[in-house]
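Below are some short notes on the model, for your review. They take up a helix pair, then the domains, then the chain contact.

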Amino acid sequence: MRPFAYARPDTVEQALDLLSEYADDARLLAGGTDVIVRLRTGHIRPAIVVDVKRITGLRADIVETDGVLRIGARAVMADISADGRVQRHFPALVESARVVGSVQIRNRATLAGNICNASPAADTAPALLVYGATLNLVGTGGRRRVPIAGFLAGPGRTTLQPHELVESIDLPLPRIAAGSAFGRVTRRWGVDLATVNLSCVVTEAGVTRFAYGAVAPTPVLVQDESGLLAGGAESDASRLLLDRFIAQTSPRSDLRGGRDYRLAMLSVMSRRVLATSIQRLHAGEV
Amino acid sequence: MAAQGATMRINGQAHQVAVEPHHTLLQMLRDQVGLTGTKECCSQGECGACTVLLNGQAVDACLVLAVEADGGEVVTIEGLAGPGGLDPVQQAFVETGAVQCGFCIPGMVVAARDLLNRNPDPTEADVKEALAGNLCRCAAYQRIIAAVLSAARAER
């Protein structure tokens, strides 16, 4: 690895001062499972790495507040998937956090880091999209809230400014009954990036949302408010609608799968996660 | 860049190490502390050969900067055996013949130790999930899984 300076601020203010001073030459470090790989390959060459893990103002826990479940920036995948409230209300997030990397990775990797890394194949991103998550950012200019859809800007790109960091991620607690699920296709079980991944939510009001990952520069969010998909019965109309949703993706062919294979798997997996979501809605899970 | 002082407990002993900020915990353990049981292989968190326990949790030491372990507690493969002999996981690997070339085994054993610390009664599926981040290119998986299940039985 190329040499860099290392700072371990205790407060958000100290971290923001370092970000202001170094701007594009600073790199934030949370779990490190992506950052350290890219430091080693030379894809990123910061002058300074700012470790946020000892900042007391950045929480590592999950708290319920004002109708949202707030996931701290330092919360790791293993803790998120083990949390009873996340399991009760956001099973697609649990199922996606549970398949990121391996046990070793999930003990280090943070949800905030997974989102800031902005891989098109990030497993947790589709879940955050269908649940309507919002990121709480703090910067030298103050705080702002950004919906996840407005945060992911392209492969490896977000709308996070150089002088900002993610403080927490809010998941709005469902006000009406809903069922949800996550699915993915990979070549091997464990330590593989998704060929396709997706999350689905169905609400008792008849709204169905899908988010598709690894099939476009950023995950694709689609929504049916007609009740057609939530009804669960397949028809020519429901097939046509799913085809229209999938047509909004633009998968590439790469070593994980061809474009046609990805499109075919999206079709199969959409039906599966929809069926599971409807089942969970009726079973009283969310 | 100047080396920074890092203090940590490694296998129960206090260590004060001057570490370069760009060196990983894996480099520090092998090259500065002399604990070469932890192996370097893929260097990107895919093979698990460098698995150690950091503050009681399995991590890939290639994906942790040495400075990040400052103030922490590290257990490597060298720290598992006690005065009474091998750790039950190590003993089970020996008895089951789970070791072929041996390169992946320290990581496998530490990852299995982590599983049994969390879950003393794992199913075969639990073992497979816990070891999904550990690759064995000899493909000795059947006996490795059998060894972990055997260690769990021995400990109960």
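1. In chain B, the axes of helix α2 (residues 88–96) and helix α3 (residues 105–118) come within 9 Å and cross at roughly 130 degrees. Axes are lines fitted to C-alpha atoms, for helices over the stretch in contact, with angles from 0 to 180 degrees between N-to-C directions. Helices (H or I, at least four residues) and strands (E, at least two) are DSSP runs numbered from the N terminus.

2. The model is predicted: local features need pLDDT of at least 70 and side-chain atom pairs pLDDT 80 or more, while totals for chains, interfaces and linings use all residues. Residues are numbered from 1 along each chain as its sequence is written, with chains lettered from A and ligands numbered from 1 in the order written.

3. The domain assignment of chain B, automatic or from a database, gives domain 1 (4–79) and domain 2 (88–155). Their contact takes 13 residues from domain 1 of chain B and 11 residues from domain 2 of chain B; contact means C-beta atoms, placed from the backbone, within 7 Å. On the domain 1 side, β3(B) gives the largest share, 3 residues. The centres of the two domains, taken over C-alpha atoms, are 21 Å apart.

4. Between chains, 24 residues of chain B are in contact with 24 residues of chain A. Strand β4 (residues 57–60) of chain B gives the most to the chain B side, with 4 residues.

Terms used
Two residues are in contact if their C-beta atoms, placed from the backbone, lie within 7 Å.
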